[in-house]
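Good morning, everyone, and thank you for making the time.

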6 protein chains.
Amino acid sequence: MSGLTHFDKKGAAHMVDVGGKDVTEREATATTSIRMAPGTLQLIQDGDAKKGDVLGVARLAGIMAAKKTADLIPLCHPLALSNVTVEFIIHEADNRIEVQATCKLKGRTGVEMEALTAASIAALTIYDMCKAVDRGMTIVETKLLKKTGGKSGTYEAS
Amino acid sequence: MSGLTHFDKKGAAHMVDVGGKDVTEREATATTSIRMAPGTLQLIQDGDAKKGDVLGVARLAGIMAAKKTADLIPLCHPLALSNVTVEFIIHEADNRIEVQATCKLKGRTGVEMEALTAASIAALTIYDMCKAVDRGMTIVETKLLKKTGGKSGTYEAS
Amino acid sequence: MSGLTHFDKKGAAHMVDVGGKDVTEREATATTSIRMAPGTLQLIQDGDAKKGDVLGVARLAGIMAAKKTADLIPLCHPLALSNVTVEFIIHEADNRIEVQATCKLKGRTGVEMEALTAASIAALTIYDMCKAVDRGMTIVETKLLKKTGGKSGTYEAS
Amino acid sequence: MSGLTHFDKKGAAHMVDVGGKDVTEREATATTSIRMAPGTLQLIQDGDAKKGDVLGVARLAGIMAAKKTADLIPLCHPLALSNVTVEFIIHEADNRIEVQATCKLKGRTGVEMEALTAASIAALTIYDMCKAVDRGMTIVETKLLKKTGGKSGTYEAS
Amino acid sequence: MSGLTHFDKKGAAHMVDVGGKDVTEREATATTSIRMAPGTLQLIQDGDAKKGDVLGVARLAGIMAAKKTADLIPLCHPLALSNVTVEFIIHEADNRIEVQATCKLKGRTGVEMEALTAASIAALTIYDMCKAVDRGMTIVETKLLKKTGGKSGTYEAS
Amino acid sequence: MSGLTHFDKKGAAHMVDVGGKDVTEREATATTSIRMAPGTLQLIQDGDAKKGDVLGVARLAGIMAAKKTADLIPLCHPLALSNVTVEFIIHEADNRIEVQATCKLKGRTGVEMEALTAASIAALTIYDMCKAVDRGMTIVETKLLKKTGGKSGTYEAS
């Protein structure tokens, strides 16, 4: 036995049985950042509903991706998310847009993967929308910031 | 006009018209890495079809995600990929698993987003399978390594 | 702040937090109609399982579309619908087939969008099946007929 | 035989064989309109990336829905769309937002259903975003405006 | 090397590169059968558009499933099917409904999996529709009947 | 009325209303088998994470398919499965691999179709991975082994 919950005693992958877990309020926030050329960041900041709203498109892509997590991550449970938000924080000092995605659920399993998926797809969408002017953009530091609820309780990134 | 091809002159998002582009052989390779605690890397390396094959599951998740790219990235074209591969390179020195995803197509538009999506979802799947033992795993440095084909020709990350 | 619940204070789209709402029985019925040439209506009415059952196909398409609503409408919550029905009412006087779709749920948010999506896709399927003989078919008057349950209570179209 | 191409001689539904059709440039434009209370239209017109961009969300929903058409309309062929655009025209005189969706393809079958689906889902998304303030909004006059290409040639709504 | 084309030399699963294969007309027919109690078969045979058309629903489910094959079978290529048909043959002698599904494509890879998936999901849908009266129904003998086209040429089940 | 619960009194297909059913623990196990040439079975048995793990890929495909059941079987309810496992039993005597899939749910409707779909897609994936060496593989005897929970109680295949 490996300590990895997604495998049974014989090493076969399975969807963990969460039927015996309590229904609790669960919440998770993930973060990622995409670094780019200064001119690319400027283009995005100039954008709005009139000139082309890169972050509006990326936010929607992230929210919709959260709903597809169980389709993408093979052993994730299908979940009825009660809330998804995606926020952007612009760090001009190092030409970086940070994405913070938060998901909530009243259910039997956590929503960390939903938050991480939302943040990742939002960042990939920024890449897609700007790749014609900056193919060198790099997505850095995708990680779980915080999660609450469930048997394992609260986790916060150090 | 912003220089961003995914917006028209009025700033409205649209799926770029690729009908006039040539059908050429296109290929893209993306890379990402997931850093973890040394014990987590050890668990994964010990795994195999008998004990639990984390990388086998992650590889499949990446390949299947490449096929869903147009569902995830709002302005991507639906594509008939001719080839998808996902490879893992273990960097023991810094407790990191690198994911390299390569996609190919004979078509009218590039496959960079497919390769980036495959690599990202494979890394997220590693996170999912190991999160019970290591919630601090971090996905770093997701970027395009190389692409060939199409009007803009070859790009290689510096 | 705009009064539109799908935006936060800064104008960013988000999936509304329904975690605090009560689980109640919710139901919604939507209607739409498709108008066509008299001969097209005749063709459909002549059809049955032997000659080609246009409405049987459209009904199924509507039911299946209700289940995809959260995939289609960006800020809709994923829901575990308990019931979906799609009915057709033929109005010979004005060569029109009315579609009525009803969805039910025990849950934290309403099912208006599910009913509207089911009705719309059923009507579009009728269009698809008959377009070879009548490209001028027009879908008219898609609207919510009635909804019950939830904090806002009962609504009925006037 | 009924004249309906989606049924075979015995009345069984089938996906029409398009293997023998020519690959031609095909294009279709569909229109729909959503009528609402004057105050609702005002709210939408006031919106932008800062206050809540209803039409930006609806446009994206329409574009993404075009790519899902073969999933929604049972007998549609899966298509590699080369271009999708969704435009909004505000008719203040009758408190109505018109949606025009255009799809293009180099392929063996037309894209009318893709354009109609994009327009319909964009209109339904406007409904979803504004339903908290105006449940009586009505989607009117969904139809094909124009299509070109293919054996049946050009069609224009009268 | 194992002889299994879906693995590379190191045993890693991959989507086979079909970019170098010729575009040819490809066709495949699969068969399956579902055996049931005599009374269940009678119920289905009595059905039509008036009483409940089990086979009409199953046929549509099979056609739609063919379009989802690349989503279901991990290493299948996404394909633009040109034709899908699903037929039923009733064998009263042994209380069995046979499903025959045929798929066609002009493309670089075969459509065996699409035909097998269509037949299987059609049979499972018959099970679903009748399980309330006959849980013992059994799906037997799912196999490829015939395929043509491609480098490996024609195959016919013996 | 036909005795088939998926049709209403007029013979129209509908998704059965389960809103009034109790939330109980429900579980179902389905079985199927794929028969093959002795050499094909040997190839699969030789495989592991190093040489190509056919059963590992098939297991994952089955688990992921269980989550897509409501997308595939037209009148199935969308369900929040709490557990999915897929096991393989090798019967060397008749060159057959048996697939057993088990699904669990705390909910208002049974999970028989989820278990049957998981088993079927796992078997089809084995076919896909080995078809280059053995096109004659046949899937036999797909059926429900056992189900518990719900008003109709326990069922076991005789």
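Predicted model: local features only at pLDDT ≥ 70, side-chain atom pairs only at ≥ 80, totals over all residues.

**A walk through the model**

Let me begin with A:E114, which is buried, having a relative accessible area of 3%, where buried means under 20% relative accessible area, exposed over 50%, and partly exposed in between, with a 1.4 Å probe and protein chains only. Residues are numbered from 1 along each chain as its sequence is written, chains are lettered from A and ligands numbered from 1 in the order in which they are written, and side-chain values use heavy atoms, with hydrogens and water left out.

Back to A:E114, then, whose place is in helix α4 of chain A; helices (H or I, at least four residues) and strands (E, at least two) are DSSP runs, numbered from the N terminus. Not counting residues up to four places away in sequence, A:E114 touches A:A66, A:T69, A:H77, A:L79, A:L81 and A:C103, a contact being heavy atoms within 4.5 Å.

In UniProt, an unreviewed entry gives the annotation "binding site" to A:L75, A:C76, A:H77, A:M113 and A:E114. These residues span 40 residues in sequence, yet no two of their C-alpha atoms are more than 12.5 Å apart, so they gather at one spot.

What is A:C76 in contact with, leaving aside its neighbours within four places in sequence? The list holds A:M15, A:T69, A:A70 and A:M113, together with B:D128 and F:K67 from other chains.

That brings me to A:D128, which UniProt lists, again in an unreviewed entry, for "active site". A:D128 lies in helix α4 of chain A, residues 112–130, and is buried, with a relative accessible area of 3%. Setting aside residues up to four places away in sequence, A:D128 touches B:H6, B:I73, B:L75, B:C76 and B:M113.

The same surface serves both copies, since 100% of the contact residues of chain B recur in chain A.

Strand β4 (residues 138–148) of chain A and strand β4 (residues 138–148) of chain B are joined by two bridges and run antiparallel, where two strands pair if DSSP finds at least two bridges between them. Here A:I139 has B:T142 in β4(B) as its bridge partner. Within chain B, eight bridges join strand β1 (residues 24–35) to β4(B) in the antiparallel sense, with B:T29 opposite B:K146. On β5(B), B:K146 stands opposite B:E156, as β4(B) and strand β5 (residues 155–156) run antiparallel and are joined by two bridges. In the hairpin of these two strands, which has six residues between them, B:G149 takes a positive phi near 90°.

Let me turn to chain F, where strand β3 (residues 96–107) is mostly covered, with ten of its twelve residues buried. Twelve bridges join strand β1 (residues 24–35) of chain F to β3(F), and the two run antiparallel, while strand β2 (residues 83–91) of chain F pairs with β3(F) in the antiparallel sense over nine bridges.

Finally, not every pair of chains meets: no contact joins chain A and chain E, whose closest C-alpha atoms lie 9 Å apart, and chain D and chain F do not touch, their nearest C-alpha atoms being 9 Å apart.

Key
UniProt positions renumbered as here; feature names shortened; annotations may be inferred.
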